[in-house]
Amino acid sequence: MIIVTTDFIPGYDIQEIKGFVRGSTVQSKNVGRDILASLKNIVGGEIVDYTKMMDEARQKAIGRMKDHAEEKGADAIIAVRLETSSVTNAASEIIAYGTAVTLTEQQ
């Protein structure tokens, strides 16, 4: 599965547009991370546990978007975007979305 943020893929023609695809996950904080985050707020610096948690959430959302595209018979997703939103004070949603397409290699 080719996944790109552009509207085209060099060397390929879009044969068919399969439609909108998306994947999402809601990730919550945990008490241990919150304590460490509070300490980091005092001394400054990256909160590595949150960085890792959000990266894992992005990968889950992208994986679910890919699964959705495969269900539609696509072999690529173009115009991919990632967004995040706060669901509650303790949880955030990550959503990945794009357009599922089938491709043919240019001759």
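Two strands are taken to pair if DSSP finds at least two bridges between them; helices (H or I, at least four residues) and strands (E, at least two) are DSSP runs, numbered from the N terminus. The structure is a predicted model, in which local features need pLDDT of at least 70, side-chain atom pairs count only at pLDDT 80 or more, and totals for chains, interfaces and linings use all residues. Residues are numbered from 1 along each chain as its sequence is written, and side-chain values use heavy atoms, with hydrogens and water left out.

β1 runs parallel to β3 (residues 76-88), to which two bridges join it, and Ile3 stands opposite Ile77 of β3. On β4, in turn, Ile77 faces Ala100. β3 and β4 are antiparallel, with 10 bridges between them, and a hairpin of two residues connects the pair. β2 and β4 are also antiparallel and are joined by 15 bridges; here Arg22 has Tyr97 in β4 as its bridge partner.

Turning to the helix, α2 (residues 48-71) spans 35 Å from first to last C-alpha over its 24 residues, close to the 34 Å expected (1.5 Å times one less than the number of residues). Its buried residues (under 20% relative accessible area, 1.4 Å probe, protein chains only) include Tyr50, Met53, Met54 and His68. Gly73, which follows α2, has a positive phi near 85 degrees.

Definitions and conventions:
Buried < 20%, exposed > 50% of the residue type's maximum accessible area, 1.4 Å probe, protein only.
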